[in-house]
Amino acid sequence: MTATTEINKIISKENLVYGKTSVLLDNEMHYCPGCTHGVIHKVIAEVIDEMGIQDKTIGVSPVGCSVLAYNYIDIDWQQAAHGRAPALATATSRLMPEKYVFTYQGDGDLASIGCAEIIHACNRGENIVVFFVNNAIYGMTGGQMAPTTLEGQVTATTPYGRDCKVTGFPMKITEMIAMLPGTRFVTRQSAETPGAVRKLKKAAQKAFENTRENKGLSFIEIVGTCSSGWKLSPVKSNEWMKENMFPYYPLGTLKDE
Amino acid sequence: MGDVRLMKGNEVIAEAAIRCGCDGYFGYPITPQSEIMETLMIRRPQEETGMVVLQAESEVAAINMVYGGASCGKKVMTSSSSPGISLKAEGITYLAGAELPALIVNIVRGGPGLGTIQPAQSDYFQAVKGGGHGDYKLIVLAPASVQEMNDFVDLSFKLAFKYLNPAMILSDGVIGQMMEKVELSDFKPRWTAEEIKEISGSWATVGKPADRERNISTSLDLDSAKQEIFNHKLQAKYRAMEENEVRFEKIACDDAEYLFVAYGSSARICQKAVEQAREKGIKVGLLRPITLFPYPTKAIQEMLKDVKGILSVEMSAGQMVEDVRLAVNGKVPVEHFGRYGGIIPTPEEVVEALEQKILGK
């Protein structure tokens with residue numbers, strides 16, 4: 001028996017305990033090795049599949065590395081100008097209240113240029129889900145400082161480390177958002193271990209269920225890595241994230257009403 | 001005779017939106033157009049037709065709400081005045097780049113900067129030549145009466161959906177604030193989900209059923225070769241608008257030896273100036289562009305066999321006059337007369353300018 005037929009036997013249908021959801025497309029991802037976006041995309045696609053809402057879900061992609069999210073999740077998408085995804089989602093949700101609408105945004109998109117749009121969408125309590133991927137750096141433009149960049153962190157625009165006296169402080173926007181009465185569910189998750197992925201998936205399920213029950217805005221921050229921007233291997237990135245990001249951006253649910 | 005009323009131009013925009021089956025209005029207050037959103041809030045169309053009306057946190061958010069709503073195949077609109085339109089410029093070029101239909105109303109005030117809240121026509125370049133980045137065009141309609149404020153709302157949506165392109169009503173503080181008799185349009189129901197599927201099913205992001213590919217509302221293509229092909233497609237669309245959608249009005253042009261070219265409130269002033277000049281024996285007519293893009297270039301050229309000189313009259317330092325000169329191409333003298341910064345010219349001033357600049361008196 002050749003090695004290939006041996007493998008085919010092992011992965012035969014009756015032996016499989018897990019499969020890729022068809023809501024995740026087969027297009028080759030442009031993300032760097034070790035990037036968290038791929039895992040988050042998979043989690044969202046699985047939840048859409050399991051909840052049976054593929055034909056009722058509209059995603060809004062940002063500007064940044066995940067601008068091309070529409071190439072990977074098999075749903076209708078709107079591609080927003082930088083930071084404006086919550087405005088698009090607001091209108092989409094209000095004009096089609098029976099649909100599931102989510103934005104997918106990075107730290108530059110949501111916490112910097114789109115700060116007004118996200119705060120006001122949250123404050124209005126729009127019936128949408130927000131996925132906020134925080135890797136403390138601008139990925140697509142080549143590793144510049146983000147609002148969430150940690151003190152002392154080296155980036156292309158803070159080559160000697162972030163000096164908070166000059167640049168201001170790493171922004172805990174999720175804590176700010178949790179204060180707004182319009183938000184119903186605000187949580188901070190990660191995706192670096194199978195356990196973390198399971199928790200993230202549960203949070204995503206809950207968020208879409210909130211939409212179904214017309215409960216208002218659910219906000220999920222995912223603390224993630226950027227191996228290319230951080231100039232670390234994928235393994236080292238996860239270690240750096242745990243050592244540096246998690247103490248400043250502690251995981252857990254801030255609000256669940 | 002239908003529903004005839006005495007109304008302000010801005011109020012009529014709101015009423016016409018409700019009546020034409022508009023699905024959503026997203027705006028931010030700015031003088032001199034705030035009555036549009038205020039009228040909608042008083043009318044509560046959400047209870048009558050289901051139309052959504054939302055005061056956004058900024059002009060930027062409002063135009064991006066329009067982008068989101070337009071992506072769903074809905075009839076959506078925003079309105080603002082000059083400084084607010086500058087803020088919306090990003091969203092407008094995204095709408096054009098994503099080929100989305102929408103209506104943007106600009107009740108122009110004097111600039112630059114915060115300028116003044118008084119009427120002006122100094123945003124012609126911004127509306128017609130761009131305003132945002134990239135090679136795009138808006139369909140631009142210039143109403144000269146409160147009646148046209150009514151008529152052009154429905155017309156804008158028709159053209160926007162015909163060409164999958166944002167349309168702008170370029171009005172100004174005079175037309176927006178003045179009261180006139182208007183015959184309001186009849187009520188049309190909003191499109192149902194089935195109708196939207198029929199009309200816009202190939203692109204609208206309403207949720208992907210199993211039997212079609214996903215619809216994506218985007219202006220992004222990183223492949224330069226594809227981006228160039230897409231730009232060719234846009235340019236072909238703009239040429240088609242130039243072929244099919246030029247609208248203008250001619251007043252007293254049959255025996256005209258001289259010509260005013262003016263749009264919007266300047267055209268109303270020129271109408272009076274035509275009467276006054278003709279009382280003095282000057283045979284002058286008025287060509288009023290109704291569409292500013294596409295521009296009535298051929299209509300002006302056809303006048304050149306008879307007219308000896310043209311005065312372009314605008315409440316600006318001279319913007320539309322460039323398009324008149326491009327049309328005329330040096331064949332007869334073309335001059336500009338304008339008051340600006342919120343000053344409205346009188347018909348007497350216009351006649352005087354004609355005499356001095358064109359007749360050489």
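**Labels and their criteria**

Student: What makes the radius of gyration of chain B agree with that of a compact globule?

Tutor: The radius of gyration is taken over C-alpha atoms, and the globule rule is 2.2 Å times the number of residues to the power 0.38. For 361 residues a compact globule would come near 21 Å, and chain B has 21 Å, so the two agree. The C-alpha atoms of chain B fill a box of roughly 75 × 50 × 40 Å along the principal axes. This is a predicted model, in which local features need pLDDT of at least 70 and side-chain atom pairs count only at pLDDT 80 or more, while totals for chains, interfaces and linings use all residues. Residues are numbered from 1 along each chain as its sequence is written, and chains are lettered from A and ligands numbered from 1 in the order in which they are written.

Student: Why is chain A called as compact as a globular protein of its length?

Tutor: Chain A has 10 helices and 7 strands, where helices (H or I, at least four residues) and strands (E, at least two) are DSSP runs numbered from the N terminus. Its radius of gyration is 18 Å, close to the 18 Å that the globule rule gives for 257 residues, so the description holds. The box filled by the C-alpha atoms of chain A is roughly 65 × 45 × 30 Å along the principal axes. Chain B comes to 14 helices and 15 strands.

Student: Why is Gln54(A) called buried?

Tutor: A residue is buried if 20 or more other C-beta atoms lie within 10 Å of its own, exposed if 12 or fewer, and partly exposed in between, with C-beta atoms placed from the backbone. Gln54(A) has 22 other C-beta atoms within 10 Å, so it is buried. Gln54(A) sits in the loop between helix H2 (37–51) and strand E1 (57–61) of chain A. Buried residues make up 52% of the 257 residues in chain A, and 54% of the 361 residues in chain B.

Student: Which residues does Gln54(A) touch, not counting residues up to four places away in sequence?

Tutor: Two residues are in contact if their C-beta atoms, placed from the backbone, lie within 7 Å. With that exclusion, Gln54(A) touches Val23(A), Ile48(A), Asp49(A), Asp74(A) and Ile75(A), as well as Lys208(B) in the other chain.

Student: How many residues does each chain bring to the contact between chain A and chain B?

Tutor: Chain B brings 31 residues and chain A 29. On the chain B side, H4(B) gives the most, with 7 residues. By class, this side has 13 nonpolar, 12 polar and 6 charged residues; Ala, Val, Leu, Ile, Met, Phe, Trp, Tyr, Cys and Pro count as nonpolar, Asp, Glu, Lys and Arg as charged, and the others, Gly among them, as polar.

Student: How do you know that strand E2 of chain A pairs with E9(B)?

Tutor: Two strands pair if DSSP finds at least two bridges between them. Strand E2 (residues 76–79) of chain A and E9(B) are joined by 2 bridges and run parallel, which means that they meet the criterion of at least two. Within E9(B), Ser217(B) is the bridge partner of Gln78(A).
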